[in-house]
Each structure stands twice: as structure tokens, then as C-alpha cells.
Amino acid sequence: KYWRLKISLLSFFISIVSVVAVYLFFRSCESHSEIEGTDKLQDIETYQPVLEYGIPVDSFHISTHTIKRNQTIGNIFLSLGINEEYLKQLPRSADNIFDIRTIKAGNTYKVFTKRDTAATIEYLVYEHTSTEYVMFHFSDSLTVRAVQKDIRAVTRLSEAEISSSLWEAMYDYNLNPMLALDLSDAFAWAVDFFGLYQGDGFKALYDELYVDDKSVGIGTIHAAWFEHRGQKYYAFRFMQDSVSSYWDEEGNSLRKAFLKAPLRFSRISSRFSYNRKHPVLKIYRPHTGVDYAAPEGTPVVALGDGVVIEKGYNNSAGNYVKIRHNSIYTTGYNHFSRFGKGIAKGVRVTQGQVIGYVGKTGYATGPHLDLRFWKSGKPVDPLKIEAPSVEPIKQENREAFLKLVAEYRVKLDSISLRPIVSYDNFLGTIY
């Protein structure tokens, strides 16, 4: 009996130990499984696919191509072996989305091919501009999307000293060359960019625009100064009456308005057109001006301050005068019967000064003035020129304006590394 009791107790003890061991084993397995599952879940949550144009690149083979001369979207489809059914759908799918005739030689397109044995093309993406691309998606049917890329604005404070020209200064200081054009526009009425000197310089607080970490242009110039022959001209961008313009540190406008019309008692007899039938020659050709019909002898005045750069006669324009107002704007006045008193090449004229009188010299069927307008050397419609207000900052806006000026001047007037220079080397041109 004693030994049977002893064996029974030992068996019971072994059973208890076995149960505990089994329990601990399964708990260990469950815990390990939970940790492993958590790791996998974390891997899934932290995985971020690499996207290009919103397409996961690891799902496709991607090839890059260049548009060849005279190549069309249709040619590209055929060269890639894309199903002709998609080619038939192309005009309808692209209608009101993208003009397929506007693709440009030299631009890039990318082809996204599935990573399968069939190597099926699913996307074609055409880079139309630096900020816009067009996506062709080949699925059950062809879909076309024109997409604007995200543009990121980075505010920069840049300065440069001019040694040869404003344009060259941009390259010398590794600045976006478009900044030269925007600065010349902001200071068009304050600085003569055709009369720059070596040692002139500028500092500008502006936004540079980026797409995919590539600079695509200049956004807003918030504030700047331009030093010309030792004199500093400030420009601060401020909105008044819902219009943004540039003002000096005292609140005076940097721009001068053009007159609405160069003569009184007139009517518009012909408008700006690139395809007008000429009344004398009887052929269709561009008429990049506006005709004002008026009685012969009606005084014609300068639209704005400037310098007479041409005065003369030719068979087409008759007696004409050309005035350069600044490095941006130039105006021309044709068919005069005679010129105003003292008008000659090189003479400075003021806004509203009589420069000539309506006539019908040259190719003209009757007395009228043919007014021409050029912006940066290109003809523009005189009736569409927006002449900004020359009214100074209004009293109710003055506090806000001066607060802005104080903030920007701290940045613009920060210590400069530009050396003191003498202003005796005339450059003569912006370019």
C-alpha cells in the first residue's frame, strides 16, 4: 500500500508539471505569433510605393522617348504597337482636354509597360510643358487627362552687381534669367535699362517657382531696390483698389498711366488684327495697331513721357513718329499731315505733348491716326494695355503699407557684400 500511494503521488505530480509545460509552450507560440504578425502589419503600414505621375513605378517597366520632328501622337501609338482601336478613339477621347496637334518636337514622353509576359502598355505620359503633362491611359477604352503639376514657391533674397549687362548678371550670380525681365518691368518707369552703368546693381525679395525641384520661373517680386549711378530706387508690391502694383518707400506709384487715347474728337475705324484686308493694297495682312478716324489737322499727343527714337516718312506709314517710353514700352504714330513743333529724333517729350497732326500721308484712304504699341519689342493691342493708377497710397491704406515697407526694408538693407564702385562705365543696354 505504501508503495502504491507513493507511485500515485508521483504520477499526479508529473501530470501537473506536464500540463503547466504544455500551457507555457502554447503561450510562447501565441506571443511569438502576435509579435510576428505585428511586425508584418508594421511593414504593410510603413510601405509607401514610389509614384511618378501618380503611377506606382515598381509595377511597370518605364521607357523614356523624345518627340521627333513631324511626329504625331498617332505615329507614336503605331510605332509602339498600340491597338488601333485606341487610335480610333483618340480624337474623341482628347476632345476639349488636349489639342493633340500641339505636341512639340524635342519634348519628352514616357511609356509604362506592365511587368507581365504580354508586356502590355498601360500608360503613355507626354510632358507638354514644365508644368503640365498629358496622360493617355489604355484600359477598357482610351482616357486622356491633362494634369497641372504642383508648383512650389520658394522665397529668395538675391543680389547682383552688373558688370556687363543685367542679363549677364543673372548668369554671373546663378540666378534665373527671367528675373531680369520681371525687374525691368517693376522698375520700368524709374530706371532706364537702356542706360545701365558698370557697378549698378540690385537686390530682390521674390518667389522662385519649382516643379519637381526644377526652377520653372519667377513668381511675385515682393520688394526690390535697384541702384543706378549711386542712387537707390525702391519698389514695394502692394495691393490698392484690388490692383497690385509697385510703389516707392514714400508710397508713390512707380508707374505712370498712358492716356486712354492720343487725340480727341475721334472714333476707332479699325482695330488690332493679324488678318485685315488693307483698304489700299486690297490684300489681307496684319494690322497690329488701332486706327482713329479724325478730321485732318486734329492734334495728336504723346501717350506718355519718353524719347523720340524715330521721325520720318515711308510709303506705308507716311509721316510717322516713334517714341520709346522705357525699356518695355514703345509707341508709334502714323500718317501725320505734319509734325509737332520741336519734334525731332532724340528729343524728350512729355505725356500729352502735341507730336503731330492727323493726316492721310502714306497708304491711307482718308485722314486718320494709326497708333502702334510695342511691349518688349512685340506688337500688342493698344486698347488692351492696362494703365495702372498713378494715385499714391491712400490714407486709409498708409498704415498697412508702411508696416510692409518696414518689414521688407530690413531684409533689403541688410549688409551687402557688393563693393563700392565708380559709375563711369556706360553699358547702354539691358542685354
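I count a contact when heavy atoms lie within 4.5 Å. With that rule I looked up valine 300, leaving aside residues up to four places away in sequence, and found that valine 300 touches Pro262, Leu263, Tyr333, Phe336, Gln353, Val354, Ile355, Gly356, Tyr357, Val358 and Leu369.

**Ground rules.** My model is predicted, so I keep local features to pLDDT of at least 70 and side-chain atom pairs to pLDDT 80 or more, while totals for chains, interfaces and linings use all residues. Numbering runs from 1 along each chain as its sequence is written, and side-chain values use heavy atoms, with hydrogens and water left out.

**Overall.** I listed six helices and 24 strands in the protein chain, taken as DSSP runs numbered from the N terminus (helices H or I, at least four residues; strands E, at least two). Of its 431 residues, 41% count as buried; buried means under 20% relative accessible area, exposed over 50% and partly exposed in between, with a 1.4 Å probe and protein chains only. Among contacts with a separation of 6 or more, 63% come from residues 24 or more positions apart. I computed an accessible surface of about 25,100 Å², with 53% of it belonging to carbon and sulfur atoms, by the Shrake-Rupley method with a 1.4 Å probe; for residues, only the protein chains shown count as cover.

**Cores.** Next I looked for nonpolar cores, sets of buried Ala, Val, Leu, Ile, Met, Phe, Trp, Tyr and Cys residues joined through side-chain atoms within 4.5 Å. The largest has 25 residues, and Val300, Ile323, Tyr333 and Ile355 have the most contacts inside it. Strands E16 (289-293), E19 (318-324), E20 (329-339), E22 (354-358) and E23 (368-375) each give two or more residues to this core. Another core lies apart from it, with 24 residues, among them Leu166, Ala180, Tyr206 and Phe226.

**Rings.** I paired rings of Phe, Tyr and Trp (its six-membered ring) with centres within 6.5 Å, calling planes under 30 degrees apart stacked, over 60 edge-to-face and the rest tilted. That gave me 17 aromatic pairs. In one of them, phenylalanine 77 and phenylalanine 136 have ring centres 5.8 Å apart and planes at 90 degrees, so I call the pair edge-to-face. Phenylalanine 77 is in helix H2 (residues 73-79) and phenylalanine 136 in strand E6 (residues 132-138), so the pair ties together parts 59 residues apart in sequence. I find phenylalanine 77 buried at 1% and phenylalanine 136 buried at 0% relative accessibility. Ring pairs also link Tyr53, Phe60, Phe112, Tyr123 and Tyr133 into a cluster.

For charges over rings, I ask for NZ of Lys or CZ of Arg within 6 Å of the ring centre and within 35 degrees of the ring normal. Lysine 232 lies over the face of tryptophan 225, 4.5 Å from the ring centre. Lysine 311 has its charged end over the ring of phenylalanine 339, at 4.6 Å from the centre.

**Salt bridges.** Here I need a side-chain nitrogen of Lys or Arg within 4 Å of a carboxyl oxygen of Asp or Glu, and I get twelve. Lysine 322 pairs with glutamate 310, with the closest N and O atoms 3.9 Å apart. Lysine 322 is in strand E19 and glutamate 310 in strand E18 (residues 306-314), twelve residues apart. Finally, I noted a network of salt bridges linking Glu127, Lys149 and Asp212.
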